[in-house]
Amino acid sequence: MPITFRIDHAKRHVEALAEGGVTLKDIEEFLDALVVQGAIPYRKLFDGRRSVAKYVDLDAELMSLAARISAYSSHLERRGPLAIVACDPQSQELAARFLNLGKPSGRPGRAFLDDREARRWLEEQPKT
């Protein structure tokens, strides 16, 4: 699986690492695993610096992912903050675009190029 992750239930924190080609299906499977393990409300760090997005239709897949996230937020507890670490400015812009699609739910989220900055920001966010 191109996305590996570790959930710390005691700290209410998730760390995910994406490597190689990542598809929409990979992201959906990762999100489903977080739902099953009750980690959607936790702070999440998603490090995508070693990955390459493999999309067929970027706009359609982003909208599909945003709809899935929206459905989670209507059926589950509040979603926790999300920090996405991107490998370059173009990927950072794509991550920010995804985060903007999820803004109506009120979840804090930011895209970063530096993982230390992402970790600092995430630690400053209130626990949910």
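**Figure 1. Ring pairs join Phe5, Phe30 and Phe46 into a cluster.** In this predicted model, local features need pLDDT of at least 70 and side-chain atom pairs count only at pLDDT 80 or more, while totals for chains, interfaces and linings use all residues. Residues are numbered from 1 along each chain as its sequence is written, and side-chain values use heavy atoms, leaving out hydrogens and water. Rings of Phe, Tyr and Trp (its six-membered ring) pair if their centres lie within 6.5 Å; planes under 30 degrees apart count as stacked, over 60 as edge-to-face and the rest as tilted. The structure holds 3 aromatic pairs. Phenylalanine 5 and phenylalanine 30 make an edge-to-face pair, with 5.4 Å centre to centre and 70° between the planes. This pair links distant parts of the chain, 25 residues apart: phenylalanine 5 belongs to strand β1 and phenylalanine 30 to helix α1. Helices (H or I, at least four residues) and strands (E, at least two) are DSSP runs, numbered from the N terminus. Phenylalanine 5 is partly exposed, with a relative accessible area of 28%, whereas phenylalanine 30 is buried at 6%. Buried means under 20% relative accessible area, exposed over 50%, and partly exposed in between (1.4 Å probe, protein chains only).

**Figure 2. Phenylalanine 112 and tryptophan 121 form a tilted aromatic pair.** The ring centres of phenylalanine 112 and tryptophan 121 are 5.8 Å apart, with 50° between the planes. Both phenylalanine 112 and tryptophan 121 are buried.

**Figure 3. Five strands form an open sheet with mixed pairing.** The strand order is β1-β2-β3-β4-β5, where two strands pair if DSSP finds at least two bridges between them. At the edges are β1 (3-8) and β5 (109-112), each pairing on one side only. On average, neighbouring strands of the sheet are turned by 15° against each other, direction ignored. Axes are lines fitted to C-alpha atoms, for helices over the stretch in contact, and angles run from 0 to 180 degrees between N-to-C directions. Helix α1 (residues 24-36) lies across β1, β2 and β3 (43-53), at about 15° to β1. Helix α3 (residues 89-101) packs on the sheet and touches β4 (82-85) and β5, its direction making about 175° with that of β5.

**Figure 4. Strands β1 and β2 make an antiparallel hairpin.** The two strands are joined by 6 bridges, with β2 covering residues 13-22. Aspartate 8 has histidine 13 as its bridge partner, and phenylalanine 5 has alanine 16. There are 4 residues between the strands, and arginine 12 in this hairpin takes a positive phi near 55°.

**Figure 5. The largest nonpolar core has 24 residues.** A nonpolar core is a set of buried Ala, Val, Leu, Ile, Met, Phe, Trp, Tyr and Cys residues joined through side-chain atoms within 4.5 Å. Those with the most contacts inside the core are Ile3, Ile27, Phe30, Leu34, Phe46, Ile84 and Phe98. Two or more residues come from each of β1, β2, α1, α2 (58-75), β4 and α3; the largest share, 5 residues, is that of α1. Phenylalanine 98 touches Leu62, Leu65, Ile69, Leu82, Ile84 and Arg107, not counting residues up to four places away in sequence; contact means heavy atoms within 4.5 Å. A second, separate core has 7 residues, among them Leu45, Val85, Ala118 and Trp121.
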